[in-house]
Amino acid sequence: MSSLSLKDIRKSYALGGNAVQALKDVDLEVRPGEMVALTGPSGSGKSTLLNVCGLVDTPDSGRREIAGQSVDGLSAAELTELRRRHIGFVFQSFNLVPVMTAYENVEYPLLLLGKKTTERKKLVWETLDRVGLAEFGHRLPDALSGGQRQRVAIARALVKSPALVIADEPTGNLDSATASQVIELLGELTRERGAAAVVATHDERMTHSCDRAIRLVDGELQ
Amino acid sequence: MRWLIFSLRNAIRNKRRSLTALAITAVGTTAVLIGGGFALFTYQSLREISARDTGHVVLGAREFFGGDEDLPMQNGLAGSPELAKRLQGLPGVRAVLPRIQFSGLISNGDKSAVFIGAGVLPEADFRVRGPQMRFTDGEPFGAGATAPEIVIGQDLAQLMKAKVGSGLTLLATTTEGNLNAVDVTVRGIVTVGVPDIDKRLVMTDVAAVQRLLLTDKVSTLSVYLKETGATDDTAARVHAALPQLAVRTWLDLAVFYQAVRDLYNRIFGVLGAIMVVIVLFALSNTMAMAVAERTREIGTLRAIGTHPREIVRNFVLEGVAIGAGGAAAGMLVAAAATVLLTFAGIQMPPPPGRSTGYPLLVNFSAALYAATGAAVIAIAALASWFASAKAARKPITEALSHV
């Protein structure tokens with residue numbers, strides 16, 4: 001069973017009165033534990049494909065399955081539930097909630113899932129420890145470096161052991177040394193937890209650390 | 001609890017903005033509580049004055065209330081001593097006082113003036129009237145005086161050049177339509193704070209008035225109760241016991257009280273509505289700015305599986321936290337002002353038609369505080385809901401790309 005399956009995905013946008021075809025008959029299968037790098041020039045449709053994979057955008061046509069479950073025809077509330085259970089996100093700008101500590105940011109997805117306090121504590125501290133930030137759990141994001149923030153974001157994405165991780169340029173805002181650490185960490189954690197990952201990136205090192213790379217040009221996979 | 005803590009942290013994220021909204025809410029709450037408390041004090045005072053003046057329940061002949069008389073006491077009440085005895089036996093009754101309303105001329109030998117008189121029971125009637133009738137000289141007339149004695153309004157006393165101990169003559173039309181006169185001695189000079197009454201008022205013993213008017217009737221029987229709250233029950237009981245008579249409560253007869261209450265309800269109602277709008281705008285503005293600033297964060301939370309209703313709930317909690325803080329601060333200020341005014345002894349100028357001012361006091365009402373607090377919290381929740389509902393339903397991709 002694939003963690004993510006896309007079939008004949010099409011998506012177009014209206015831009016200045018013209019329809020722009022962002023995705024053209026895209027097919028993609030990602031297995032559990034597999035990390036796929038999504039590359040391509042700017043405007044090729046990478047972000048659109050990530051949004052479609054992460055159930056935050058709806059294709060015009062085609063079929064999607066997450067963890068073996070078809071998502072076609074689901075309501076917005078049902079899609080939210082699916083994202084809550086099965087999908088983790090890592091953003092280029094980290095997107096941590098500034099009023100929550102590192103611990104609380106990582107705990108947030110578990111709160112949404114209604115996990116009990118003891119279970120939450122255990123999972124959060126384990127995950128923070130795994131990303132090397134156990135001693136920074138009580139710090140607010142503002143008191144963390146860029147690399148530390150991205151590690152918190154990775155912990156937040158993976159703490160619930162999702163079926164799929166969507167990462168959009170996760171090293172885009174990091175220096176070279178920190179980026180290497182984050183690439184390594186993301187790869188290790190997704191594999192450890194059996195999550196599939198789709199990572200949009202321009203970073204060659206990121207591409208090489210993935211199990212495979214796919215290239216999107218003008219909305220078509222090559 | 002966790003969501004409330006996150007909301008509180010969000011509320012202090014932009015301290016200056018939240019404090020401004022909180023301060024506006026506090027000022028609005030204070031204004032409503034002080035205005036409302038002042039209105040309650042006024043209602044209470046006027047209620048007290050009205051009830052003390054007329055009695056809580058007033059009985060008369062059926063034709064008495066609203067009917068015209070061709071001759072004095074034509075619509076009077078016969079057999080008042082027996083009726084008073086029966087009424088005195090009702091539960092919660094403090095006193096039953098016969099009264100005669102009459103009018104005529106008062107003369108000092110040199111000049112005459114029109115008076116409006118009240119025949120009352122000596123001593124007892126002055127006891128129930130309380131501080132609204134103030135003696136500027138002399139004292140109430142007592143029972144058993146050899147010659148009729150009167151208490152007179154201060155402006156009328158001035159007009160008649162009368163002092164305590166002065167002799168005057170009352171002229172009135174009898175129940176048979178003839179003129180009758182009685183010589184009286186001034187025992188006390190009073191003011192009720194209303195110049196139009198002070199220059200006409202004459203009070204004397206009800207028995208002396210009956211002799212003057214040649215009648216054994218009285219105009220009304222005023223029933224005074226131990227508790228004003230028991231008025232309606234007692235009126236119903238009296239009506240059931242004496243269906244042949246007309247029964248009125250102090251509220252039926254308190255035209256001034258009702259007029260003031262209607263006026264104040266409108267004034268303070270408008271004030272309250274203005275405060276609601278101000279607080280609504282202040283909180284809406286604060287929450288709208290918070291929502292706009294956090295659109296990207298909303299997108300992130302939506303992406304990781306937060307429902308729009310949960311986003312809205314968090315903003316509502318945040319708005320309610322600011323609103324509740326403002327309401328609490330406003331309540332504290334209003335309570336402090338209430339206590340301060342109690343001891344400050346500030347006098348309001350006399351209202352139109354009166355010659356004496358009244359103390360500026362504000363009543364504390366737990367119900368008013370609770371209702372105001374609840375209203376502010378409801379407004380805050382509404383403002384936050386309005387501000388965040390649309391943003392929470394914005395497409396996630398759009399929210400995430402918000403700059």
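In this predicted model, the contact between the two chains draws on 17 residues of chain A and 14 residues of chain B. On the chain B side, at least two residues each come from helix H1 (2-11), helix H11 (295-303) and helix H14 (396-400). The biggest share belongs to H1(B), which gives four residues to the side that touches chain A. Sorted by class, the side of chain B that touches chain A is made up of six polar, four charged and four nonpolar residues.

Turning to the layout of chain B itself, two domains can be told apart: domain 1 covers 2-49 + 257-400, and domain 2 covers 62-244. Their C-alpha centres are 50 Å apart. Where these domains of chain B meet, six residues of domain 1 are in contact with six residues of domain 2. The domain 1 side of this meeting point holds three polar residues, two charged residues and one nonpolar residue.

In soluble globular proteins, nonpolar side chains tend to be buried together. Here, the largest nonpolar core has 100 residues, and the members that touch the most others are A:Ile154, A:Val198 and A:Val199. Helix H12 (residues 308-344) of chain B gives the most to this core, namely 10 residues. Around A:Val198, neighbours within four places in sequence being set aside, the contacts are A:Leu4, A:Val30, A:Val36, A:Leu38, A:Leu50, A:Cys53 and A:Ile166. Another core, of 50 residues, lies apart from the largest one, and B:Met73, B:Leu121, B:Leu168 and B:Ile189 are among its members.

Definitions and conventions: Residues numbered from 1 in each chain as written. Chains lettered and ligands numbered in written order. Predicted model: local features only at pLDDT ≥ 70, side-chain atom pairs only at ≥ 80, totals over all residues. Contact = placed C-beta atoms within 7 Å. Nonpolar A, V, L, I, M, F, W, Y, C, P; charged D, E, K, R; others polar. Domains from an automatic or database assignment. Core = buried A, V, L, I, M, F, W, Y, C linked by C-beta atoms within 7 Å. Buried ≥ 20, exposed ≤ 12 C-beta atoms within 10 Å, placed from the backbone.
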